Amino acid sequence: MDFYKETALSCIKEVHAVVEKVSEDQLHYLANMLTTAKRIFISGEGRSGLMGKAFAMRLMHAGYHVYVVGETVTPSIERGDLLVLISGSGSSVAAYDFAKKTREKDASIALVTTNRDAEIGKISDKLLVLPAATKYRKTNEPDTIQPLGNQFDQSVHILLDALIVYLNQESNEKMRKRHTNME
Ligand SMILES: O=C([C@H](O)CO)[C@H](O)[C@H](O)COP(=O)(O)O
């Protein structure tokens, strides 16, 4: 088989290994938080943020009231809202600050991370823990052929897409109509 295809299939196997180990209870809990939140705020730095934006877009298509933290049109977070923080390491400084602010405002926090001992986790309502490699290559992280946090990013993307399949009640047509008509 070609080298590139072989490599892609190895990446898929790496994601499979992570997804297999994720707690179904944690996924259910996060799904419940998403459906009961007044509004959903999504945040993450770098590639974690890109995975978050992809998730936010599908939530919007599915009819959820969702914002991406840091966008100019994103309002202040309030009681009843949910902040979904995506951080592979669980140690991004901005993520901690956003979590603290969210706590002060009495809104809920769900942290998606590899690090169950993260400081942010201690002030979060719920964690979704993915046993994936991050850019830090900690001793408890799995081996990966990929650079930095790719394995985490890809696993987050697939798991959040799977949540959309579960949470979405809309037809493809209705979702497509919500999709931007300015492209
Ligand atoms: O962009 C990223 C980097 O390329 C590692 O894959 C990370 O997503 C970014 O550095 C944020 O880190 P985490 O908060 O640990 O996800």
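Predicted model: local features only at pLDDT ≥ 70, side-chain atom pairs only at ≥ 80, totals over all residues.
Ile12 counts as exposed, with a relative accessibility of 55%, a value above the 50% cut-off for that class. Ile12 is part of helix 1, which covers residues 3-21. Together with Met1 and Leu9, Ile12 makes a nonpolar surface patch of about 340 Å².

Asn168 falls in the other class: its relative accessible area is 17%, and Asn168 is therefore buried, the limit being under 20%. Asn168 is placed in the loop that joins helix 6 (150-167) and helix 7 (172-178). When residues up to four places away in sequence are not counted, Asn168 touches Ala62 and Met175.

A polar backbone atom of Glu45 is 3.2 Å from a ligand oxygen. In the side chain of Ser48, an N or O atom lies 2.6 Å from an oxygen atom of the ligand, and for a polar side-chain atom of Ser92 the distance to a ligand oxygen is 2.5 Å. Of the 400 Å² that the ligand exposes when taken alone, the protein buries 83%.

Notes: Residues numbered from 1 in each chain as written. Heavy atoms only, no water. Patch = residues over 30% accessible without salt bridge, like charges linked within 9 Å, V, L, I, M, F, W, Y side chains within 5 Å. Areas by Shrake-Rupley, 256 points an atom, 1.4 Å probe, with all protein chains shown as cover. Salt bridge = Lys/Arg side-chain N within 4 Å of Asp/Glu carboxyl O. Helix = DSSP H or I, 4+ residues; strand = E, 2+ residues; numbered from the N terminus. Buried < 20%, exposed > 50% of the residue type's maximum accessible area, 1.4 Å probe, protein only. Contact = heavy atoms within 4.5 Å. Polar contact = N/O pair within 3.5 Å; in protein donor to acceptor, adjacent residues only side chain to side chain.
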